[in-house]
Amino acid sequence: QAQLVESGGGLVQPGGSLRLSCSASGITFALHPMAWYRQFDGKQRELVASIDENGDTNYADSVKGRFTISRDNAKGMLYLQMNGLKPDDTAVYCCTRLGWNWWGQGTQVTVSS
C-alpha cells in the first residue's frame, strides 16, 4: 500500500534550523517528481519546493536561499533542510508525489521565541 510518512518537525526559535524527512513507499520512488507543501491553519496548501527525477529543483520565492530539497532514491526518502526559519514558516509540512492528490499526515513546524 502506497504511503507517505513525514517526520522531523518541532518547535524552533527564529533563525533556527530543522530537517524534515519523508518516507515514500509503494511507488518506484526514483521515477517520480516529489514535492513539499505546507498548510497554514487549515488554509490551502502552498508548494514549498519540488525535485524531479533528475534532481532538478524549484522553490517558492519565500523560501529561496533558506530551504533545500533533496532526495535519496535508494532509500525512498525525501528531505527538506530548513535554515533561517521565520515565524511565517509556521505550518504543517507535507510531502507528496508532484501532481498527485496523495498526502501523509504531515509534520508540524512551529517557529517562535
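**Entry 1: ground rules.** I am working with a predicted model, in which local features need pLDDT of at least 70 and side-chain atom pairs count only at pLDDT 80 or more, while totals for chains, interfaces and linings use all residues. Residues are numbered from 1 along each chain as its sequence is written, and side-chain values use heavy atoms, with hydrogens and water left out.

Entry 2: I looked up the strand order and found an open sheet of 4 strands, 1-3-8-7, with antiparallel pairing. Strand 1 (3-7) and strand 7 are its edge strands, each pairing on one side only. On average, neighbouring strands of this sheet are turned by 15° against each other, direction ignored; the axes behind that angle are lines fitted to C-alpha atoms (for helices over the stretch in contact), and angles run from 0 to 180 degrees between N-to-C directions. Strands here are DSSP runs of E with at least two residues, numbered from the N terminus, and two strands pair if DSSP finds at least two bridges between them.

**Entry 3: strand by strand.** I followed the pairing across the sheet, starting with strand 1 and strand 3, which are antiparallel over 5 bridges; Gln3 has Ser25 in strand 3 as its bridge partner. Strand 3 (residues 18-25) pairs with strand 8 in the antiparallel sense over 6 bridges, and there Ser23 is partnered by Met77 of strand 8. Strand 7 (residues 67-72) also pairs with strand 8 in the antiparallel sense, over 6 bridges, with Arg71 opposite Leu78. The hairpin of strand 7 and strand 8 has 4 residues between the strands, and in this hairpin Gly76 takes a positive phi near 65°.

**Entry 4: burial of strand 8.** I noted that strand 8 (residues 77-82) is largely enclosed by the rest of the structure, because 5 of its 6 residues are buried. Buried means under 20% relative accessible area, exposed over 50%, and partly exposed in between (1.4 Å probe, protein chains only).

**Entry 5: Glu6.** Which side chain of opposite charge is nearest to Glu6? I found Arg45, 8.0 Å away, and Glu6 is buried yet has no salt bridge; for charge, Lys and Arg count as positive and Asp and Glu as negative, with His and the chain ends not counted. Glu6 lies in strand 1, and a polar atom of its side chain is 3.0 Å from the backbone nitrogen of Cys95. Beyond its neighbours within four places in sequence, Glu6 has contacts (heavy atoms within 4.5 Å) that include Trp36, Tyr93, Cys94, Cys95 and Gln105.

**Entry 6: salt bridges.** I took a salt bridge as a side-chain nitrogen of Lys or Arg within 4 Å of a carboxyl oxygen of Asp or Glu, and the structure holds 4 of them. Arg38 forms one with Glu46, the closest N and O atoms being 2.7 Å apart; Arg38 counts as buried at 4% relative accessibility, whereas Glu46 is partly exposed at 28%. Arg38 also meets Asp89 in a salt bridge (2.9 Å, N to O). That pair links distant parts of the chain, with Arg38 in strand 4 (residues 34-39) and Asp89 in the loop between strand 8 and strand 9 (91-97), 51 residues apart. Asp89 is buried, as is Arg38. Through shared partners, salt bridges join Arg38, Glu46, Arg66 and Asp89 into one network. I also recorded the salt bridge of Lys64 with Asp61, whose closest N and O atoms are 3.2 Å apart; Asp61 is exposed, with a relative accessible area of 65%.

Terms used. Polar contact = N/O pair within 3.5 Å; in protein donor to acceptor, adjacent residues only side chain to side chain.
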